[in-house]
Amino acid sequence: MKKRSLSLLALLFAALLALAACSGGGTDTKDTDKKDDDTSSKDKEETATLPLKIENEGEAIKGGTLQYGMVSDSPFQGVFSWELYDDAYDSTIMGFATNSLFDTGEDFLITDEGIGKLEVDADANKATITIREGVKWSDGEPLKIEDLIYAYQIIADKDYPGVRYDGDFRNIVGVEEYHDGKADTIAGLKKVDDTTLEISFKKLSPAIFSGGDGLWGYAAPKHQLESIPVADLLASDAVRKNPVTLGAFKFEKIVPGESVQFAKNEHYWRGEPKLDKIVLQTVPSSSAATAIKSGKFDIVDSFPATQYDNVKDLENIDVLGRPELAYSYLSFKLGKYDKENKVNVTDENAKMNDKALRQAMGYAIDVESVTKEFYQGLRTRGNSLIPPVFASFYDDSLEGITFDPEKAKTLLEEAGYKDVDGDGIREDKEGKPFVVNLAAMSGSDTDEAIVEYYRQNWKEVGIDVQLTTGRLIEFQSFYEKVKADDPEIDMFMAAWGTGTNPSPAGLYGKEAEFNFARIVSDELTNLLTDIDSKESMDATHRAKAFRAWQEYMAEQATTIPTYFRTEIVPVNKRVKNYNIDYIDGTQLHEIELVADAPVK
Amino acid sequence: MWKTVVRRILVMIPQLFVLSLIIFFLAQKMPGDPFSGLITPETDPSRIEELREQAGLNDPLPMQYVNWIKDVAQGDFGKSYTYKRSVSSLIGERAYNTFLLSLFSVILVYALAIPLGVIAGRYKDTFVDKTVVLYSFISYAIPTFVLSLIFLYVFGYQLSWFPTSGTVDVGIEEGTLSYYWNRIHHMLLPAITYAVLGTTGIIQYLRSEVIDAQTQDYVKTARSKGVPMRKVYTRHIFRNSLLPIAAFLGFTITGLLGGSIFIETIFGYPGMGQLFVNSVLTRDYSVITTLVMLFGFLTLLGSLLSDIIMSIVDPRIRID
């Protein structure tokens, strides 16, 4: 029974996509540069052809309920604790009632606009957080320094079940002693006065300004949580049903896995929200486009990019777009991860350990056509391993590896990959048959077509590329194989979400298990160290360090960026102002509506 | 007969034990584990390794099995890795949703299929019969997800007669009359979809049984004794024709907990079918194994129930 359900599921998804694609009124225009009259879209990243914000005319109504749709094909988990959750949907939901202490600005660096103000003394390895006076929890209790400390204590607790008690977190002085039960308090956290907390670190890097190095960006309501043992938190009502929060809205009612009703938080420190309520509901991806079209939702989150065609010309909505914190890539296996010593080891004799070969593989593929034909322009060719949202670190002058089959052929020819037997396929340097094995992930039915297109591209320059296992590989199996350095994989296509800390050390470092290419060199290590060094506390120095690293990676071509992605957000015309810019986007408490019900 | 029933129940124990062995080892054989999906640059691989160690996933497989079966014997099915709560409460919640929806669907199926099947059989080869047969062929041929999407689009979004997803609206006070009506309202459209698709087998069985019965001796006898045709149908033919359907009743009852992945996914209705497929995709071992054990148990129970029901409704059949 299990097998059948699974293959049926795959079939279902394929059919759903096909169906969704034809249910949108048969629009066949390929013009993705749609511009609305009432929007401005020129500012910011050039990758986004969609506007970042809308301003709809009309007088705002008093209060009102915003209908928020969240596209998901499975029920959300419902762990509403920043310390404990690990599902992105839970984080979206918590966003309305966030316990976040810091605001971020350019490059997602912490600013002084939030509840907490961060001051860093790099030489003393200390940071000081000062919180605003008069900030209250959603139940009216004042926010105290003890609430900040309690969040650290949850994560450092011996029974803490989550992922955040990690190497970074142990960078705070005294955390390990507390975890092991040798100390009753965390020595590195010192309450200076009622609004000031001093934190001591073992070492500091520029990552602290992105909320790294162990700095924890959220408060936990100690008055609600302290009576619950940390081991029981996950099952408690304080996490599942009635979390106490700091954000613009507060949890009012939850239907597990399906929907959440938020009411405005009258204690919100920035001022009373203009909306009365927000109702968030999950919507299956198969009907997301229909739902927004029929006026069921005002805003839809995680909208599937494959359904863009079905919503782009609708009268009652605007489609906003912003770059995602992610990049897709093509990477090559150059070695192995040594589990004993926890280091990556590059194999000098690896099949793909030839810079010219790797570059040629990159020059051979026509990424730009794929972005246009398959992704309706919602993806653009990536030129760097840093997404463009990190404006100060991203190097737009990098050319990257563009589509140039002639150059690919020349490179291969010069490197000694010649077609000896005249069948149109190149042999290796010794004249033996040469096959490159590509591992690629399965997902939508377009994935198959895209991979086939790339295989054709490679064949045109004379490289025989075969799929590892003969077909596309399911997500979990794919990473299992990639992680284990399966000898059947010579290269693989995948993607990374970067998070808000752009430091590449965790993905390309010598000791990083996620350095799937297994590339190690002294030069690379130095470049990475420089990015996170004390000198890089200076933003200009860090930007330079990032640039040097990007150039090195582009030259080595061990991981070739393929796409940057655009996230799309359909918004109903009833929403007065909405801006999804990462830096100066609309604050939740400012959202207003101009009609009693969404425009149909 | 009761001796047989007790014996059959006792035989289930070794059967379930073998099933538990198979499913436990097969589940572990799948590539990846519950933690391998947690890869982002912000998660620390060594912390994930710690969690794996704490969860006992690094122990030798036979040892893991023994630990698991010990807990299961005490009624503890462990904790879902994905949902981070006890498997029994998670499955309980979903089973409740699925049970309500399935029960509702099955009632609709019988309410629709029995009259149609009898009428089609009684008026064989007439226009009515042909319409019913055509309907049952079409409903047999349409894939579940196609009809679900069409119904959702037409009745949910275009006509707005029904809610489009979920089990209940969030704003309604629990326990009130409008709360229960709201739940039923949410179930109507998926249940109707299921019913429209689920009738084929019953219609066809009933129709051919009714047609066969018309030429049986007992019908001739009844007619020759002057029993009116209407009464022959309601008293004699109808009851006999229901036998093959009664044979499946046990499976139908236990199948109420199976759930349908298609309907649940399209109507955003959190139920067992979806839980099962998602737990496989996320390698949520504790949920996978518990669900398979549950489904296995229900199948065995269903076949036993069917046999018991048959022996009750058809005195010619005896279990001994």
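A residue is called buried here if 20 or more other C-beta atoms lie within 10 Å of its own. The model shown in these views is predicted.

**View 1. Helix α9 of chain A and its buried residues.** Helix α9 of chain A runs over residues 355-364. Eight of its 10 residues are buried, so the helix is largely enclosed by the rest of the structure. The buried residues of α9(A) are A:L357, A:R358, A:Q359, A:A360, A:M361, A:G362, A:Y363 and A:A364.

**View 2. What covers helix α9 of chain A.** Several elements of chain A lie over the buried residues of α9(A). Helices among them are α11 (405-415) and α12 (445-460). The cover also includes β11 (317-332), β17 and β18 (559-572) of chain A.

**View 3. The domains of chain A.** Chain A is divided into domain 1, domain 2 and domain 3. Domain 1 is made of the segments 54-73, 248-323 and 567-590. Domain 2 covers residues 88-238, and domain 3 covers residues 324-566.

**View 4. Domain 2 and domain 3 of chain A.** Taken over C-alpha atoms, the centres of domain 2 and domain 3 of chain A are separated by 36 Å. Where the two domains touch, 11 residues of domain 2 are in contact with 13 residues of domain 3. On the domain 2 side, the touching residues divide into four nonpolar, five polar and two charged.

**View 5. The contact between chain A and chain B.** Here 52 residues of chain A are in contact with 45 residues of chain B. On the chain A side, the helices that give two or more residues are α1 (2-22), α7 (288-293), α13 (475-483) and α14 (505-508). The strands of chain A that give two or more residues are β7 (249-255), β8 (259-264), β9 (277-283) and β17 (491-497). With eight residues, α1(A) gives the most to this side. By class, the side of chain A that touches chain B has 23 nonpolar, 19 polar and 10 charged residues.

View 6. The C-alpha trace of chain B spans about 85 × 55 × 40 Å along its principal axes. Of the 320 residues in chain B, 34% are buried. Among contacts in chain B with a separation of 6 or more, 72% are between residues 24 or more positions apart.

Methods:
Residues are numbered from 1 along each chain as its sequence is written. Chains are lettered from A and ligands numbered from 1 in the order in which they are written. This is a predicted model: local features need pLDDT of at least 70, side-chain atom pairs count only at pLDDT 80 or more; totals for chains, interfaces and linings use all residues. Two residues are in contact if their C-beta atoms, placed from the backbone, lie within 7 Å. Helices (H or I, at least four residues) and strands (E, at least two) are DSSP runs, numbered from the N terminus. Ala, Val, Leu, Ile, Met, Phe, Trp, Tyr, Cys and Pro count as nonpolar, Asp, Glu, Lys and Arg as charged, and the others, Gly among them, as polar. Domain bounds come from an automatic or database domain assignment. A residue is buried if 20 or more other C-beta atoms lie within 10 Å of its own, exposed if 12 or fewer, and partly exposed in between; C-beta atoms are placed from the backbone.
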